[in-house]
Amino acid sequence: MIGFIRRPRCRSHPAAGKPRVHEPLRRGFAFVGIAMLILSCLAIPTSAQDTLPPAPYAYTQIDDPELEAKAMALMETLRCLKCQSQSIADSDAPMAGDMRHQVRSRIAAGESPEQVRAWLVARYGDYVSYKPAVSSTTWPLFAIPLLLLALVAFILFRRLGRTR
Amino acid sequence: MIAELGLAALWLAAALAGLQLLAGVVGLRDSGARIAALVRPAAVVQALLCALAFGALLLLFIRTDLSVALVARNSHSAKPFIFKLAGTWGNHEGSMLLWVSVMALAGGLIGLLERRLPERTMIATLAAQAFVGLGFYAFLLFSSNPFERLAQPPAEGMGLNPLLQDIGLAMHPPTLYMGYVGLSVAFSFAVGALLTRQVTPDFAKVMRPWVLGAWIFLTLGITAGSYWAYYELGWGGWWFWDPVENASLMPWLAATALLHSASVLASRDALRAWTIMLGVIAFSMSMLGTFLVRSGILTSVHAFAVDPERGTFILALLALNVGGALLLFAMRANTISEGQRFSVLSREGALVVNNVALSAILGIVLLGTLYPLLTEAFDVKVSVGPPYFNPVGAIFFLPMLVVLAIGPLLRWRRDSFERIQSPVVAIAVVALAVLAGVYFIAGIALLPLLGLTLAAAVAVASFLPLRGRSLRRLPSPVWGMVVAHFGVAVALFGMASDTAFQQERLVAAEVGDTIEDGPWAITLVSVEPAAGPNWTALEATLAASYKGGTPSIIRPQARSFWTPPQETSEVALLTRWNGQLYAALGGEAEGDRWQLRLWWKPFVTWIWYGGVLIALGGLLALIGRLAGDLKRRNARAQIALRRETTA
Amino acid sequence: MTWFRWIMLGLAIGLFGLFAYQLSQPKDEFIHSAMIGETIPPFDLPPAVADRPGLSSADLADGQPKLLNVFASWCVPCAAEAPNLARLEAAGADIVAVAIRDRPEDVARFLATYGNPFTRIGKDDISAVQLSIGSSGVPETFVIDGDGVIRYQHMGDIRDEHVPVLLAELREAGE
């Protein structure tokens with residue numbers, strides 16, 4: 001059974017410790033994101049894709065439209081681990097489909113989106129969520145915009161207030 | 001032969017850039033030096049030589065000269081002509097050559113035509129241009145030689161990837177490059193003005209058309225890129241805050257602020273320091289973007305073929321150019337005197353808010369894009385995506401839109417609230433009506449709700465500056481402002497509408513089934529095999545009818561290419577004035593069913609119409625300025641002529 | 001506001017330093033599991049092949065430390081690491097496996113070609129167990145101690161130099 005939109009996204013692990021691959025043969029294929037995807041897949045013969053069908057909830061919506069909307073909103077903020085930078089809602093990789101299955105089954109079973117997000121973060125760390133949580137490693141992400149806001153107010157009052 | 005000629009021309013051009021720099025530096029120290037007179041001619045000849053080099057590369061690609069390594073890697077004798085041509089810049093080396101060629105061309109034009117500024121400032125500008133250019137020449141000649149030969153030419157080239165043979169994708173790089181290079185000109189002007197302490201309205205008037213031109217190209221490039229990703233990647237998304245997308249947005253944000261700031265400097269002699277700083281920042285963002293996407297330092301679905309060695313070279317250029325300019329800016333701080341004063345409630349005041357808000361948004365995009373890189377240095381991996389950028393950006397963007405609505409109504413220097421009271425009230429009434437209406441009719445999330453409200457407000461506000469003015473005698477730049485601001489409203493409306501109102505259906509359908517998606521009824525008529533020159537596909541025929549009207553036929557495909565082997569989804573789009581039906585075909589499901597993914601996306605096309613309107617506004621402004629400049633030039637020539645004849 | 005300009009310059013220099021540093025580092029593309037130190041979540045997988053029993057979380061908490069190998073027949077590096085898995089088995093390691101998205105006949109063929117060092121093989125058709133332990137690809141090998149706590153994760157195929165490392169981790173998990 002083939003996946004939904006068949007774009008091979010296989011990424012077995014590159015060998016541990018190998019430096020970043022240059023892929024000199026393909027240097028000419030600059031500027032194309034799709035080309036990059038092909039690159040990662042031509043390293044592995046296309047026949048070496050899993051042959052099982054997608055998970056039940058990978059390509060099926062939850063019957064309740066409200067729950068489906070909640071699940072969809074969550075999936076758009078969860079990162080596909082085998083892709084270069086896509087949400088699981090936007091990826092055809094089988095693992096992304098399996099993750100969508102987990103998300104939809106749990107939401108359908110009554111869990112809240114934040115609980116499902118927490119479940120995934122407990123497994124993969126903050127990397128899997130596109131919504132950074134406030135923590136000891138991410139506090140500058142939130143402090144700096146506040147600082148910018150203060151700076152903006154300062155600049156405006158100083159620059160414009162002065163000439164009153 | 002041609003390749004060697006091209007390489008020789010490139011070396012000579014680099015040498016001339018060196019001469020231009022040398023002559024410029026000497027000329028700055030001693031303006032009487034004879035060598036200073038060489039600066040302008042050097043710029044012109046450099047442009048000619050670069051054109052020759054690029055022409056040589058074009059010819060090599062057109063002829064598919066497989067003895068040249070670049071052609072062998074990126075082209076194929078069976079490629080259609082237009083894609084052979086586009087293949088010239090569709091690779092790293094070729095695109096770098098395009099960059100230096102456009103830079104050299106810009107420098108040549110300035111050297112040939114620009115006489116309004118003091119000669120010393122022009123020398124400094126051209127010297128700065130040469131300095132930046134030399135870095136790129138070095139990069140090309142020592143690390144990315146486009147004219148390298150192969151010892152044994154292959155029988156056939158490698159570049160027949162059908163996905164690269166898309167006209168939108170072919171035009172995307174040159175469009176963005178014209179933008180980036182235009183910003184390098186602004187950078188050189190800023191550095192030249194800093195060096196000679198000539199931050200004047202004339203300087204802004206000379207710089208403005210270059211910034212406008214660059215900005216128009218950037219707007220079009222980003223709009224086209226967004227639309228290409230939308231229909232090509234098969235998921236209906238048009239912006240993901242992906243690092244490469246951000247790398248093109250950041251220069252655009254800086255260029256927009258620079259544009260407005262330069263206009264203020266040109267007409268009111270205010271915002272001097274802002275204009276210089278933005279001139280430096282805009283090109284810095286272009287270079288930063290180039291670095292980010294080519295060095296492999298960030299993970300992105302759009303990442304180019306990356307090379308850390310090249311990344312190091314670009315980083316060195318970045319540090320040299322940007323670091324140098326910022327240092328100069330800091331050291332010359334006290335010598336840029338204050339411009340004209342203005343009150344809070346004035347057009348200058350609104351534009352200060354504009355500058356500050358755009359810079360803050362730029363800062364946030366930069367922070368979010370680079371933050372994962374920072375934490376990785378500490379072995380922690382985080383992801384920063386739309387759930388961060390959208391709300392945090394909105395904190396600065398939404399108030400900025402309010403100022404965008406009111407700003408163009410204000411007079412220069414000092415205005416009073418009483419004078420603008422009625423238009424402001426009108427805008428507020430429209431905004432509140434839309435806010436209340438949308439909120440009560442369709443409970444949607446806060447951000448899209450505010451987006452729709454402000455889009456309506458800006459749409460109305462963008463035409464208000466026209467009231468009380470004679471439309472026939474309105475200068476082109478004012479039309480430009482109206483159209484561009486209206487374009488912002490249109491694009492914002494599209495974004496908010498698609499975010500809030502899109503409806504997705506994911507179904508496993510049998511032939512004959514009808515699926516409802518919003519106002520559409522879509523029937524799966526058949527799924528048949530189809531074939532093309534180098535692909536086979538499964539093609540679904542869908543009959544889609546809008547609110548019970550006559551059905552239209554659309555045919556999404558799941559396509560398999562065989563050279564090279566890959567699979568793509570060709571989505572089918574059905575466009576109405578009020579949105580698009582987006583259909584994609586997936587694989588087989590159990591029981592003779594087919595996976596179908598259908599979206600009804602209300603007003604999504606308005607996003608790109610808005611982008612085109614913004615660029616059109618810029619074009620109107622540019623034409624107006626250039627026409628004005630030409631008229632003034634002719635008038636001056638006439639006066640000079642009359643003086644001579646009467647003397 | 002000159003201080004502001006110097007801050008900008010300082011920030012720029014800091015940024016360039018960060019870039020230079022990152023360029024010099026090898027890129028670590030692995031997403032490590034955050035479940036190291038946690039107890040393995042409960043699961044019960046049916047057998048993937050006829051001649052080996054299935055795998056459940058209870059099997060992993062039976063008092064004996066084990067290696068858990070996550071693999072698939074369609075994964076090329078999994079074939080490459082087969083000799084080293086055999087060496088680990090020969091050195092006394094108890095290796096169990098989870099087969100990801102694999103048909104029984106494909107697994108059987110893979111094991112027949114490359115050898116079968118596993119005492120148990122669970123069939124994970126929708127990557128449920130893989131996701132629950134924080135594994136993000138194949139092949140990966142986990143060291144699980146006798147109480148079912150995940151002690152160590154090795155990502156990618158097992159090369160010669162990794163064999164003693166895994167044996168040491170296994171020994172440590174047994175103490």
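Mentor: Start with one residue pair in chain B: B:Leu573 stands opposite B:Tyr582 in S9(B). Keep in mind that this is a predicted model.

Trainee: Okay. How many bridges join S8(B) to strand S9 of chain B?
Mentor: Five bridges join them. S9 covers residues 579-589, and the two strands run antiparallel.

Trainee: What order do the strands of that sheet take?
Mentor: The order is S1-S10-S9-S8 in chain B. It's an open sheet of four strands with antiparallel pairing.

Trainee: Which are the edge strands?
Mentor: Strand S1 (503-509) and strand S8 (572-576) of chain B. Each of them pairs on one side only.

Trainee: And the twist?
Mentor: From one strand to the next, the twist averages 15°.

Trainee: Let's zoom out. Which domains does chain B have?
Mentor: The domain assignment gives domain 1 (1-163), domain 2 (428-501 + 606-624 + 628-638) and domain 3 (504-602).

Trainee: What distance separates the centres of domain 1 and domain 3 of chain B?
Mentor: 46 Å, taken over C-alpha atoms.

Trainee: Helices next. At what angle do H2 and H5 of chain B pack?
Mentor: About 150°, with their axes 7 Å apart. H2 is residues 39-62 and H5 is residues 92-113. That angle makes H2(B) roughly antiparallel to H5(B).

Trainee: Is the crossing left-handed or right-handed?
Mentor: H2(B) passes H5(B) in a left-handed crossing.

Trainee: Which residues make the contact?
Mentor: On H2(B), they include B:Ala43, B:Ala47, B:Cys50 and B:Phe54. On H5(B), B:Leu97, B:Ser101, B:Ala104 and B:Gly108 are among them. By class, the contact has 15 nonpolar, six polar and one charged residues.

Trainee: What about H14 and H15 of chain B: how do they pack?
Mentor: H14 (residues 417-441) and H15 (residues 446-463) pack at an angle of about 150°, and their axes are 8 Å apart. H14(B) and H15(B) are therefore roughly antiparallel to each other. The crossing of H14(B) past H15(B) is right-handed.

Trainee: Which residues meet there?
Mentor: From H14(B), they include B:Ile427, B:Val430, B:Val434 and B:Leu435. From H15(B), B:Leu449, B:Leu452, B:Thr453 and B:Val460 are among them.

Trainee: How do the residues of that contact divide by class?
Mentor: For H14(B) with H15(B), they divide into 14 nonpolar, one polar and no charged.

Trainee: Switching to chain C. What strand order does its five-stranded open sheet have?
Mentor: S5-S4-S3-S6-S7, with mixed pairing.

Trainee: Why is one side of S5 and of S7 left without a neighbour in the sheet?
Mentor: Strand S5 (118-124) and strand S7 (150-155) of chain C stand at the edges with a single partner strand each, so one side of each has no neighbour in the sheet. The twist in this sheet averages 20° from one strand to the next.

Trainee: How do S3 and S6 of chain C run?
Mentor: Antiparallel, joined by five bridges. S3 is residues 66-71 and S6 is residues 140-144. The bridge partner of C:Leu67 in S6(C) is C:Val143.

Trainee: Last topic. How many residues do chain C and chain A put into their contact?
Mentor: Chain C gives 31 residues and chain A gives 28 residues. In chain C, helix H2 (76-80) and helix H5 (128-132) each supply at least two residues of the side that touches chain A. The residues on that side of chain C divide into 15 nonpolar, seven polar and nine charged.

Terms used:
Residues are numbered from 1 along each chain as its sequence is written. Chains are lettered from A and ligands numbered from 1 in the order in which they are written. This is a predicted model: local features need pLDDT of at least 70, side-chain atom pairs count only at pLDDT 80 or more; totals for chains, interfaces and linings use all residues. Domain bounds come from an automatic or database domain assignment. Two strands pair if DSSP finds at least two bridges between them. Axes are lines fitted to C-alpha atoms, for helices over the stretch in contact, and angles run from 0 to 180 degrees between N-to-C directions. Two residues are in contact if their C-beta atoms, placed from the backbone, lie within 7 Å. Ala, Val, Leu, Ile, Met, Phe, Trp, Tyr, Cys and Pro count as nonpolar, Asp, Glu, Lys and Arg as charged, and the others, Gly among them, as polar. Angles under 35 degrees count as roughly parallel, over 145 as roughly antiparallel, 65 to 115 as roughly perpendicular and the rest as oblique. A crossing is left-handed if the near helix is turned anticlockwise from the far one by less than a right angle, and right-handed if clockwise.
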